[in-house]
Amino acid sequence: MYSSLFDAVFADSFLSPVRTVYVVSDSQLEEIKRSQREEELENIKTSRKRLEESYQARVKVLDDREHELQEDIKSLAPAKKEKE
């Protein structure tokens, strides 16, 4: 059976990816998990705050534009003539 040049190049161990294995105790693993969860929770809180600030800013822009349009409509409406 013939092997390709690709197989020959990548079969060499010097090109194989290096894998690192860490051995930690159960208590260290629990601490790592806890710190990861705390970091994720902090990211959620930060994202929520940014989202709420962005939402409030957008609501203000829309309210301002709505007010402008209402004023424009009032100024463009024909004046009501009073009946004599």
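Guide: Let's start with what a patch is: its residues have over 30% relative accessible area and no salt bridge, with like charges joined within 9 Å and nonpolar side chains (Val, Leu, Ile, Met, Phe, Trp, Tyr) within 5 Å. This is a predicted model, where local features need pLDDT of at least 70 and side-chain atom pairs count only at pLDDT 80 or more, while totals for chains, interfaces and linings use all residues. Residues are numbered from 1 along each chain as its sequence is written, and side-chain values use heavy atoms, leaving out hydrogens and water.

Visitor: Which residues form a nonpolar patch on the surface?

Guide: That's Tyr 22, Val 24, Leu 29 and Ile 32, with about 400 Å² of accessible area together. The areas come from the Shrake-Rupley method with a 1.4 Å probe, and for residues only the protein chains shown count as cover.

Visitor: Why does Leu 29 count as partly exposed?

Guide: Buried means under 20% relative accessible area, exposed means over 50%, and partly exposed is in between (1.4 Å probe, protein chains only). Leu 29 has 35% relative accessibility, so it counts as partly exposed. You'll find Leu 29 in helix H2, residues 26–76. Helices are DSSP runs (H or I, at least four residues), and strands are too (E, at least two), numbered from the N terminus.

Visitor: What makes Arg 34 and Glu 38 a salt bridge?

Guide: The term asks for a side-chain nitrogen of Lys or Arg within 4 Å of a carboxyl oxygen of Asp or Glu. The closest N and O atoms of Arg 34 and Glu 38 are 2.3 Å apart, and the pair forms a salt bridge. The two are 4 residues apart in helix H2, so about one helical turn separates them. Arg 34 is partly exposed at 40%, and Glu 38 is partly exposed at 43%.

Visitor: How many salt bridges does a search of the whole structure find?

Guide: It finds 5. One of them pairs Asp 64 with Lys 60, whose closest N and O atoms are 3.0 Å apart. Both lie in helix H2, 4 residues apart.
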